[in-house]
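Please open the model in your viewer and keep the sequence panel beside it. The tour below goes from one selection to the next and says what is to be found at each stop.

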Amino acid sequence: MKASQFFIATLKEAPSDAEIVSHRLMLRAGMIKRLGAGIYSYMPMGLRVIRKVEAIIRDEMNRAGAIELLMPVVQPAELWQESGRFQKYGPELMRVKDRHDRDFVIQPTSEEVITDIARQELRSYKQLPKNFYHIQTKFRDERRPRFGVMRGREFTMKDAYSFDRDLESGRRSYQVMSDAYCAIFDRMGLTYRAVAADTGAIGGDVSQEFQVIADTGEDAIVYCPASDYAANIELAEAVAPGQRGVASEPMAKVPTPGKSTCEDVAALLGLPLQRTVKSLVLATDDRNEAGDIVGTKVWLLLVRGDHSLNEVKAGKLPGFKAGWRFATQGEIVDHFGTPPGYLGPIGTVKPVKVIADRTVAAMADFVCGANVADFHLTGVNWGRDLPEPELVADIRNVVEGDASPDGKGVLAIQRGIEVGHVFLLGTRYSAAMNANYLDESGKPQPMIMGCYGIGVTRILGAAIEQNHDDRGIVWPVPLAPFAAVICPIGYDRSDAVRTQADALYARLLSLGVDVLLDDRGERPGAMFADWELIGVPWRVVLSDRGLKEGTAEVQGRRDPAAQAVAVDSVADFLRERLTA
Ligand SMILES: Nc1ncnc2c1ncn2[C@@H]1O[C@H](COP(=O)(O)OP(=O)(O)O)[C@@H](O)[C@H]1O
Ligand SMILES: [Mg+2]
C-alpha cells in the first residue's frame with residue numbers, strides 16, 4: 001500500500017469525551033469515527049486491524065472444525081418468542097417493526113436462528129456433532145455505551161454454536177472451542193486469562209470468559225497465584241471462615257449521631273471496620289400468572305463492614321431467582337422504623353428474613369445499626385442477642401487475601417476486559433424450540449448446545465489498552481494495520497531516495513510483508529509521529545545521508561533507537577523479525 005493511495009487521518013488531540021487510552025488512540029489514529037452513542041464507522045486504518053483479527057479467528061475456528069455460515073442481522077420475532085427471549089431479554093434487545101407492523105429484532109446473538117437451522121437440517125445422530133459460526137454485526141442497546149469499540153451498541157462478534165448428541169460429547173465440543181480460543185488469543189499476542197464465569201440458571205463448571213488483563217477492564221478477575229484457580233469475581237467463592245469467636249462483651253446501645261456508614265461508625269468508636277456489619281435491604285415481589293405483583297418480601301442481607309454485596313450471588317439465593325431489587329425507602333421505614341443508615345437485625349418493626357454472609361455468621365461482639373436514628377449496637381452476638389440467621393450464605397465479593405476456594409493459597413484480584421466467552425448451554429434452546437435429532441433407535445432427543453462468542457471489535461480496544469506508550473499504539477505484529485512502514489525523507493525531491501524506497505517497497509511486497517510506503521512527502525517529524533501513533537511495528541527510514549553510507553535506519557516500535565542496516569539487507573532483516 002502507498003500512503004498516497006490510502007486514507008490517513010490522524011489527530012493531535014482526541015475529543016474530550018474519550019475516557020480511556022484505547023478510545024483516545026483509536027480516534028487519534030483515525031481508526032474509528034463516531035456516528036452516534038456506541039455507533040462507529042470503522043475507518044480504513046481500523047478496518048485493516050479488524051480484518052486481521054477476523055482472519056486469525058477464522059483460521060483457528062476452521063482448524064477446530066467449526067463451519068462458517070452467515071445469519072441475518074434482522075430476525076423475525078417469532079423465533080425469539082419461541083425461545084422466550086423476546087419477553088425476557090431486557091431493553092438491550094433492539095425490537096423493530098416492519099411496514100406490516102410485524103415484530104423483528106436486531107440480533108444481539110443468534111441462538112434462535114441457528115437452533116432453527118439445526119432443527120431443520122440436523123435430523124440424525126449421524127450428522128452430529130456440528131459447530132457453526134459466523135462473524136456478524138451485533139446490536140445491543142447498551143445502557144452505558146462507552147470506551148469506543150469496547151462497549152459499543154453496534155459491534156462485530158464471532159459467535160459459534162455447537163450441536164451434540166449428549167452431554168459428554170457436548171463437553172468435548174466445548175473443550176475444543178476453549179482450546180481454540182487460547183490459540184486465537186495466543187496468536188494475537190495478548191496477555192489474557194481464562195476464568196470461570198457465572199452460568200446463570202444452568203450452573204456447573206461450564207462457562208469461561210477470556211479476559212485480557214488491563215487496569216481499565218470493567219471486570220474484576222480473581223485468581224490464585226499459587227494454583228490455576230481463576231474466576232470472575234461474580235462467581236468467585238468466598239470460603240467459610242473458621243469457628244465463630246466467643247462472646248465477650250455485653251450488648252450496648254451507643255449514640256452515633258450523623259454516623260451512618262460503617263467507616264464512620266468504626267472511626268467514632270475506635271474499632272476496626274472488620275467489627276462492623278452492614279445492612280442491605282432487598283425486596284422480592286411475588287407475582288401471579290398475569291404478572292401482577294400480589295405480595296412483596298423484604299429481606300435483610302448482612303455483610304461485614306469492609307465487604308461488599310455480590311449481586312450475582314444474591315440472585316441465586318432461594319426466593320431470589322425470579323428477580324430481586326433493593327427495597328424502597330418506604331419499605332425500609334415500614335419494616336425497620338428508621339431510614340437507612342442505622343439499620344440492623346435487632347428490633348425491627350415488622351419481621352424481616354435475615355440472611356447473613358458466611359463471614360458475618362462467624363462474627364462475635366459485632367456492631368450494627370440499632371434501628372433508631374443516630375444509634376448503633378455494639379457487642380452484638382448471634383444466639384444471645386438475636387436468633388441465629390435464617391440463612392447463612394456466600395453473598396459477598398471476595399477480596400484480596402481471601403483463602404482460595406481450592407485450598408491452595410490466597411486470592412489476588414486484577415482487572416480484565418472480556419474478549420471471549422464460551423458456554424455449554426445444554427438443552428436450554430433445543431428444548432424450548434424442539435431441536436431434536438433421532439438417535440440410533442429412532443427416538444427423538446434434544447441436542448446439547450454450546451455457544452461461543454468473541455468480541456471482534458472489542459479486541460482492538462483491549463489490545464491497545466495492553467500495548468501503547470506515550471506516543472501511541474504499539475500493535476502486536478499479527479494485529480497491526482501494516483507490519484512495516486517505509487519512511488523516505490525527501491521522496492518528492494531526491495531521486496536516490498525515491499528509487500531505493502520504491503525498490504525496497506517492491507521487494508518487501510514480493511516477500512509477502514504487509515508494508516506501506518509513505519510517499520506523501522511529509523516532514524520527517526510529522527511522518528514519524530503519525531506512524532508511532534498508528535502503531536506500526538517496524539519503521540524503515542531512507543535518507544540521502546544514510547544512502548551515502550549504503551544504509552537505512554530500521555527501528556522496532558518498542559526499540560529505544562534505530563539501527564543502521566545495509567539497504568540491501570533490509571528486506572531480509574524485516575522478514576526474519578516479522579516471522580520470528
Ligand atoms: N457492547 C459490546 N461491545 C463490544 N463487544 C461486546 C459487547 N458486548 C459483548 N461484546 C463481546 O462479545 C462477547 C460475547 O458476548 P456475551 O458474552 O454474550 O456478552 P456479555 O458478557 O456482555 O453478556 C464478549 O465476550 C465481548 O467480547
Ligand atoms: Mg459474556
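Begin by selecting Asn434, which sits in the loop between α11 (428-432) and β22 (436-438); helices here are DSSP runs of H or I with at least four residues, strands are runs of E with at least two, and both are numbered from the N terminus. Asn434 has a positive phi of about 55° although it is not a glycine, and with a relative accessible area of 55% it is exposed, where exposed means over 50% relative accessible area, buried under 20% and partly exposed in between, for a 1.4 Å probe and protein chains only.

Before going further, note that this is a predicted model, in which local features need pLDDT of at least 70 and side-chain atom pairs count only at pLDDT 80 or more, while totals for chains, interfaces and linings use all residues. Residues are numbered from 1 along each chain as its sequence is written, chains are lettered from A and ligands numbered from 1 in the order in which they are written, and side-chain values use heavy atoms, with hydrogens and water left out.

**The whole protein**

Select Asp374 next, in the loop between β18 (366-369) and β19 (375-380). Phi of Asp374 is near 70°, a positive value in a residue other than glycine, and the residue is partly exposed, with a relative accessible area of 31%. Then move to Pro129, in the loop between α5 (111-121) and β7 (130-139), where a cis peptide bond joins Leu128 and Pro129 with omega at about 0°.

Now display ligand 1 together with its shell, meaning the residues that have a heavy atom within 4 Å of it. Ligand 1 is surrounded by 14 residues, and the closest are Arg140, Glu142, Gly152, Glu418 and His421. β8 (154-164) and β21 (412-426) each supply at least two residues of this shell, and the largest share, 4 residues, comes from β21. Coloured by class, the shell has 5 nonpolar, 4 polar and 5 charged residues; Ala, Val, Leu, Ile, Met, Phe, Trp, Tyr, Cys and Pro count as nonpolar, Asp, Glu, Lys and Arg as charged, and the others, Gly among them, as polar.

Which atoms of Arg140 and ligand 1 lie 2.9 Å apart? They are a polar side-chain atom of Arg140 and an oxygen atom of ligand 1. A nitrogen atom of ligand 1 lies 3.5 Å from a backbone N or O atom of Met150, and a polar side-chain atom of Arg458 lies 3.5 Å from a nitrogen atom of the ligand. Taken alone, ligand 1 exposes 530 Å², of which the protein buries 82%, with areas from the Shrake-Rupley method and a 1.4 Å probe.

**Cysteines**

Select the cysteines, where the structure holds 0 disulfides, a disulfide being a pair of cysteine sulfur atoms within 2.5 Å. The sulfur of Cys262 has its closest cysteine sulfur in Cys368, and the 9.5 Å between them is too far for a bond. Cys451 is in no disulfide either, as the nearest cysteine sulfur, that of Cys182, is 17 Å away. Cys262 counts as buried at 13% relative accessibility, and Cys451 counts as buried at 12%.

Go to Arg304 in strand β15 (residues 293-304), which counts as buried at 18% relative accessibility. The side chain of Arg304 makes a polar contact with the side chain of Asp306 (2.7 Å); a polar contact is a pair of N or O atoms within 3.5 Å, and within protein one must be able to donate a hydrogen and the other to accept it, while residues adjacent in sequence count only if both atoms are side-chain atoms. Finish at Ala571 in helix α16 (residues 570-579), which counts as buried at 2% relative accessibility.
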